[in-house]
Amino acid sequence: MVAVCGEVLARPVDSNLLCGTCVRVYKYLFEDYFEEFSRSLKQYVRDFLDVKFGDPQSDEIRHDSKSQALRQLYGERVLPDSLLECFNICVTKFSVTVATNTNRDEAGKARLRERSFALAFDVLRKLVLHVEEHPVVTRMFLFTPCVNGLLRMHILGLKPELCFRFAKIQPRKENTKRLRLVCAYFERGETAAELRQAALCLQLSSIATSISSQKDKSEGDVPMMMRLGKGEVQTKTSQRLSFLIPLLQTDEQFHVEDTLVALLTMEGHILIRYSIFHAWPMQPWTLTKRWNHAGYQDAILEFLDTGYGRLDSGYSGPLRMEALKQGGPVEAASYLTSDDVQAELERIVIETAMNSMQAERKHWEDRRSEKTKVISLARASRNSILSKYKRTRSEGIKDSIEAQKKWASDKHANIHSIAVERWPELQPRPRGKLHWEKAVSENETRLCANRGDKALLEERKAAHLQELEAERDRRHESAWQGMAAARAGNWLPRTNQDWLQWITKHPEDFDEQMRDASWCRRGRSYPVFA
């Protein structure tokens with residue numbers, strides 16, 4: 001955002017002309033008036049496309065060096081093969097040369113001209129009015145294809161006030177304003193440099209996002225955490241930046257100095273953001289023999305020497321403490337190289353692979369609930385009440401489930417169970433089996449992992465008998481009181497069962513609410529801007 005917009009913006013659609021134009025064009029205008037704009041674009045092609053006829057052996061019909069240079073600079077996503085094949089002299093000139101013999105009659109040339117019109121219209125309709133072939137339902141189109149589409153229109157010299165006109169329908173007032181703003185944006189002197197600079201910067205960010213959003217397809221694939229930890233994103237974006245810098249002199253439509261600063265800023269942000277994958281907790285793959293066969297032993301020794309402040313408290317910190325409990329460095333390293341720990345590390349590395357669909361769906365839901373719209377006062381009040389109720393209902397049900405578990409445990413509490421909670425190291429325990437352990441036999445699960453001290457446990461129970469009995473009675477009383485309160489119900493139903501019980505107990509109130517709800521809402525239905 002900094003490289004494209006110049007700064008971090010809370011709402012770039014409202015504050016940045018480029019972002020606003022992308023939304024106006026691809027979210028509103030092209031979506032609502034695709035057929036109308038298709039007709040006007042077809043007429044624009046017939047009115048302004050310059051069809052020339054040349055010798056098939058002439059070099060004039062080949063792509064000139066400028067088209068190839070622009071293609072090399074902006075990539076095939078901006079200037080695909082179909083576009084270069086259609087406008088075969090120069091992509092910046094709205095003209096096409098048709099190879100034909102000089103002795104062809106006028107009727108034959110007219111047919112070739114009509115064929116050129118049809119081909120140019122098909123190409124432009126696909127590359128101008130369509131921004132993505134496979135859009136995702138949880139969001140509007142991606143920002144990068146939108147910018148590439150606007151840049152493609154600017155390179156071709158298309159004028160929105162002529163290409164996108166309303167001939168048979170009367171557009172809404174807001175859409176007329178949007179089209180007027182789009183035309184004004186293309187007439188700005190800074191638009192050419194702004195579009196080109198944004199498209200070049202987005203080449204770097206597209207590399208980063210395309211790599212990060214990939215998902216492992218088979219078991220032999222390299223895990224995403226390992227790819228990011230090895231700096232694949234930084235390497236490929238740096239290579240692309242090195243490739244682009246010598247080509248900046250190709251296009252004279254932007255300022256080289258400003259574009260270079262923007263590209264370096266974008267690369268700097270990528271390097272800083274992806275540097276987190278070079279540290280913990282993103283480095284468990286370095287400890288695995290499977291994915292770091294040559295250096296996992298050195299990585300284990302370095303991990304044991306790493307300070308606790310550089311590790312995360314969720315996994316790597318407790319793992320290091322558990323390893324150091326085994327004894328000296330040799331025992332700790334042997335623990336980390338054991339089959340069980342290696343299997344656990346491999347599973348963690350594999351399970352971290354994910355795609356961005358869940359995040360996109362969450363953002364879409366947030367935007368859907370927060371977007372600006374005109375609604376009635378009654379509906380706004382209802383939505384606010386339902387939103388608050390939904391939030392408290394989810395939290396209340398979660399707390400109720402946790403409380404039920406605690407009450408079920410407390411009502412059966414005894415002196416021995418409370419004593420074991422206070423002094424767990426004195427209770428003998430078998431080894432057991434974790435859910436991811438497959439090579440552990442049933443006999444091994446019964447082996448004693450903590451011998452404890454039963455005699456000392458009994459001595460402490462006798463010494464603290466009155467205190468343990470009081471705690472037992474307190475838990476029993478608290479559990480029975482909590483279950484009695486839960487059976488009595490809340491003042492506001494939460495679960496479906498609570499609502500069914502309330503309707504059964506209050507049928508008259510329910511019928512009255514259903515009968516008068518619409519009338520009461522209409523009586524308070526004042527339009528507000530929310």
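A polar contact is a pair of N or O atoms within 3.5 Å; within protein, one must be able to donate a hydrogen and the other to accept it, and residues adjacent in sequence count only if both atoms are side-chain atoms. This is a predicted model, in which local features need pLDDT of at least 70, side-chain atom pairs count only at pLDDT 80 or more, and totals for chains, interfaces and linings use all residues. Numbering runs from 1 along each chain as its sequence is written, and side-chain values use heavy atoms, with hydrogens and water left out.

Select Y33 and N175. Their side chains are joined by a polar contact of 2.7 Å, and their C-alpha atoms are separated by 9.8 Å, at 142 residues apart along the chain.

Next, show the aromatic rings. Rings of Phe, Tyr and Trp (its six-membered ring) pair if their centres lie within 6.5 Å; planes under 30 degrees apart count as stacked, over 60 as edge-to-face and the rest as tilted. The structure holds 13 such pairs. In one of them, F30 and F37 have ring centres 5.9 Å apart and planes at 75 degrees, so the pair is edge-to-face. F30 is buried at 5% relative accessibility, and F37 is buried at 0%.

Move to W280 and F303. Their ring centres are 4.9 Å apart and their planes at 45 degrees, so this pair is tilted. Both residues are buried.

Return to Y33: ring pairs link Y26, F30, Y33, F37, F164 and F166 into a cluster.

Terms used:
Buried < 20%, exposed > 50% of the residue type's maximum accessible area, 1.4 Å probe, protein only.
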